[in-house]
Amino acid sequence: MSGIVINYSSDILKGTLETLKASTLSGLVKPTMQVSIKPNMVLAKPPFEGATTHPEVVEGIIIFLKELDVQNIEIIESAWIGDDTKRVYKVCGFTELSQKYGITLHDLKDDAIRKVKTGEFTFEICEKALETDFLINVPVLKAHCQTRLTCCLKNLKGCISDREKRNFHTMGLHKPIAYLNKVIKTSFCVIDGICGDLTFEEGGNPVERNMLIAGEDPLLLDSFCASLLGYRAEEIGYIPIASEIGVGELFNSDTEITELNADKKPLITGTDKGLAKRLSAYIDEDGACSACYSALISAINRIGYRGAKISIGQGFKGKSGSLGCGNCTSAFKRLVKGCPPSAAAIADFLAKI
């Protein structure tokens, strides 16, 4: 049975190295392998805002791999729709990191696409995610306004085309996320739990945890991390689906946990998981993308909007209505344009209503 290593450390680089040394990674990776590191670089916000992977975590992984004589190391990522991956790399400190260690940064938006069928789905997947010998998944432990949790399993959504990202939202996110993890095989996970946002995936409400978590099984880790955000694993829709189709194991009382620096263990911090749910009362959503939906949630929260419901999502294309958000509601009487519109633009729009 796969286990979990948890380390509590405010020194991110040192803590990452400690975590990896206590893990099974050294026995899994071989010097001749092509190793691809997949962080969470969803948008251009620095890691301390709670949305993106700290470069020190990835630096620790690089140092550890080089000590094992692994030479073929690359970093792969695709920012969410509406942001530029190369700009995200720079803002988040990864451009400097790549120069320091001679590591190539790949923008998967520029990668070749391969169609892969699994179950009822045919996914458009970036080739580098399929061809690598060893994929190290480095997500941020944080909340998500639609799926509640985003961690290991959902982080692989950055390995598909932008068109497929839109399709995932049309299909409801949970089932395609689970099946994507049948196609793209994660070899090892290092979770950045330093200061993930416990409200939205785009950051801005970080909660300091000073926690690093590692293990081989992304499903095991996600089902464990759900509890850290105050949820049962079955409340995160894609987790039970992933379990049913054999992606991995679920966390249980027999799971072996290795804790490092337990004396520095932070106080348990619950997420205000009701916030996004309460604010969704003002939203009529049908196939909305995360970038658009979270911007709307942020805007509603910021200005204290308590008006009529706002329609958002691909399901409203070509339909008429009174109040819309994003280009998908272009036939509505009143709307804020953009794909996605910024939270500031939405807030300004709603403030005038």
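This is a predicted model: local features need pLDDT of at least 70, side-chain atom pairs count only at pLDDT 80 or more; totals for chains, interfaces and linings use all residues.
**Notebook: a sheet and its helices**

Residues are numbered from 1 along each chain as its sequence is written, and side-chain values use heavy atoms, leaving out hydrogens and water.

Helices (H or I, at least four residues) and strands (E, at least two) are DSSP runs, numbered from the N terminus. Two strands pair if DSSP finds at least two bridges between them.

In what order do the strands of the open sheet lie? I read 4-3-2-7-10-11-1-12, which makes 8 strands with mixed pairing. Strand 4 (104-107) and strand 12 (257-260) are at the edges with a single partner strand each, so one side of each has no neighbour in the sheet. On average, neighbouring strands are turned by 20° against each other, direction ignored. For angles, axes are lines fitted to C-alpha atoms (for helices over the stretch in contact), and values run from 0 to 180 degrees between N-to-C directions.

**Strand 10**

I then checked the partners. Strand 7 (residues 134-138) runs parallel to strand 10, with 2 bridges, and N137 stands opposite C189. Strand 11 (residues 211-215) runs antiparallel to strand 10, with 5 bridges, and D192 stands opposite L212.

**Helices**

Helix 4 (residues 94-101) lies across strand 2 (34-39), strand 3 and strand 4, at about 140° to strand 4. Helix 9 (residues 218-228) packs on the sheet, touching strand 1 (4-8), strand 10, strand 11 and strand 12; contact here means heavy atoms within 4.5 Å.

Last, I checked helix 2 (residues 55-67). Its 13 residues should span 18 Å at 1.5 Å a residue, and its end C-alpha atoms are 18 Å apart, which agrees; the expected span is 1.5 Å times one less than the number of residues. Since 10 of the 13 residues are buried, helix 2 is largely enclosed by the rest of the structure. The buried ones include P55, I61 and F64. After helix 2 comes D69, with a positive phi near 70°.

Definitions and conventions. Buried means under 20% relative accessible area, exposed over 50%, partly exposed in between (1.4 Å probe, protein chains only).
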